[in-house]
Amino acid sequence: MAGLGIVSLSAWLFTMIWGALRKAASTRSTPLCRQLVVRPFSFHRTVLAPSIPPRPRILSLLSPYKFRSFASKPPTPPAPAPLPILAPRSVGTWLMVSATLVFGIIVVGGVTRLTESGLSITEWRPITGILPPLSDAEWDAEFHKYKQTPEFKMLNSSATLDDFKFIFNMEWGHRILGRLIGVVFVGPLLYYGLRKKISPSSFARLFGLGALIGAQGLLGWYMVQSGLDDTNLDSPGAVPRVSQYRLAAHLGIALALYAGMFGAGIAAIKDWKFAKGATWNGLDGQATAQRVKTVLRNPAVRAFRNKSWAVTGLVFLTALSGAFVAGLDAGLLYNEFPLMGGRLAPPADELFSPDYAKNADKSDLWWRNIFENPTTVQFDHRVLATTTYLSTAALWIQTLRPAMRAALPPATRIAAHAAFAMANVQVLLGISTLLYLVPVPLAAAHQAGSVMLLSAMLHVAMSLRHPGAAARAWRKVFAGRVGTVNVSS
């Protein structure tokens with residue numbers, strides 16, 4: 001009976017609580033879809049509306065009950081894609097400074113070759129060689145080493161210690177400038193790479209240039225070794241000097257380094273300006289990405305750009321042939337222009353002399369004369385220089401035509417004018433150098449002019465470069481910010 005009474009009491013309490021809950025829910029003036037539905041034998045309560053109504057006081061007594069909402073939440077918008085890395089303007093400035101230093105070392109290297117100073121330092125010490133001789137004993141030791149070289153024995157046997165100090169300091173300055181270029185380029189490159197100021201692809205390309213700087217140092221010493229070896233004096237008219245092949249390779253890498261740094265610097269600066277809303281190469285009005293694409297897709301503009309790159313390559317090849325002229329002292333022959341010995345070209349037996357062939361069957365007659373015969377080397381350089389000048393003039397004439405003038409951006413036309421003007425200066429420097437028997441100031445200016453002409457042609461070609469993806473993306477962001485400011489103001 002006691003158990004039956006307990007069960008009856010429990011049922012009565014449950015009925016009272018259940019009735020109180022239903023009454024509390026029915027008295028609220030809410031739609032049916034927002035009423036509470038309580039499951040007495042479940043530990044969950046379902047709310048069919050996004051917002052939960054205030055809990056009745058009696059529900060606070062039911063602390064074991066947990067509440068869960070099945071109402072749908074608004075979808076979270078996807079996070080915007082991160083913008084690509086846009087190199088800051090300081091990257092372009094750093095690259096242009098590096099290119100200027102390479103330009104300087106090319107000129108200094110030319111003067112070192114013209115003053116016959118390149119063989120004065122007979123050892124390669126990348127670390128300890130930073131300091132020059134500081135005492136008389138150290139100078140005497142270096143001078144003694146130089147006296148053992150073929151150059152001193154055959155050409156400079158009457159040189160004094162003061163003469164040696166001049167050529168030593170020329171070569172030492174050349175090497176120190178090379179080390180400075182390595183520090184100025186590699187240090188900021190690592191900083192920008194670690195701080196993610198440049199994209200991974202840009203870092204990889206610039207790291208390749210940094211590796212090329214190291215290779216250039218090794219190649220420079222390899223070139224000097226060829227001038228210290230007296231076993232290379234068996235060819236006709238041989239004198240103690242570095243191999244013209246290694247000299248051309250040394251200059252070629254220097255020109256490649258300069259072109260890479262100069263081109264990357266121009267691209268970084270132009271992309272930065274374009275991203276900040278500047279006009280593209282002087283186009284009137286708003287230089288939208290679509291308008292730039294339309295200009296660059298013009299068949300006439302595309303043909304002009306391809307020709308610009310072709311002429312740039314021709315300038316590079318002509319400058320490289322100048323290394324063979326310098327290496328063989330070919331500028332001291334036929335000091336007249338445009339004729340060579342009273343005719344446009346020397347006799348065939350002089351251009352392709354059998355004396356330069358080393359194979360018994362004379363199978364190497366052609367290529368050895370092209371690269372080792374001073375007469376042929378000078379003739380080839382004349383032909384390349386004339387072709388380069390006429391090609392630059394033809395490219396400039398195209399910019400004067402009304403149709404091409406309307407199609408090309410203003411900056412491209414200005415760059416073409418500057419390139420043709422530099423070509424005229426370079427031709428005058430080359431002819432003067434030849435007529436006056438290669439004086440050091442004129443010859444150094446001629447070598448500097450070749451780099452300046454290369455720069456001018458690179459600028460022409462780069463002026464028709466499409467802005468990078470990062471520059472286009474950031475330009476949209478910048479335009480949106482400017483539009484928002486204008487609307488709010």
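A: Helices (H or I, at least four residues) and strands (E, at least two) are DSSP runs, numbered from the N terminus. The model is predicted, so local features need pLDDT of at least 70 and side-chain atom pairs count only at pLDDT 80 or more, while totals for chains, interfaces and linings use all residues. Residues are numbered from 1 along each chain as its sequence is written, and side-chain values use heavy atoms, with hydrogens and water left out.

Q: Where is Asp329 found, then?
A: Asp329 belongs to the loop between helix 9 and helix 10. Helix 9 covers 299–327 and helix 10 covers 348–351, and Pro338 is in the loop between them as well.

Q: What is phi of Asp329 near?
A: Phi of Asp329 is near 55°, which is positive although the residue is not glycine. Most residues other than glycine have a negative phi, and most peptide bonds are trans.

Q: And what kind of peptide bond joins Phe337 and Pro338?
A: Phe337 and Pro338 are joined by a cis peptide bond, with omega about 10°.

Q: Changing topic: how many residues has helix 5?
A: Helix 5 has 34 residues, 161–194. From its first C-alpha to its last, helix 5 reaches 49 Å, close to the expected 50 Å (1.5 Å times one less than its number of residues). After helix 5 comes Lys196, with a positive phi near 55°.

Q: At roughly what angle do the axes of helix 3 and helix 5 cross?
A: The axes of helix 3 (residues 136–147) and helix 5 cross at roughly 85° and come within 11 Å. Axes are lines fitted to C-alpha atoms, for helices over the stretch in contact, with angles from 0 to 180 degrees between N-to-C directions. Helix 3 is therefore roughly perpendicular to helix 5 (65 to 115 degrees; under 35 is roughly parallel, over 145 roughly antiparallel, the rest oblique).

Q: Which residues in helix 3 and helix 5 meet?
A: Trp139, Asp140, Glu142, Phe143 and Tyr146 in helix 3 are in contact (heavy atoms within 4.5 Å) with Leu161, Phe164, Lys165, Ile167, Phe168 and Asn169 in helix 5.
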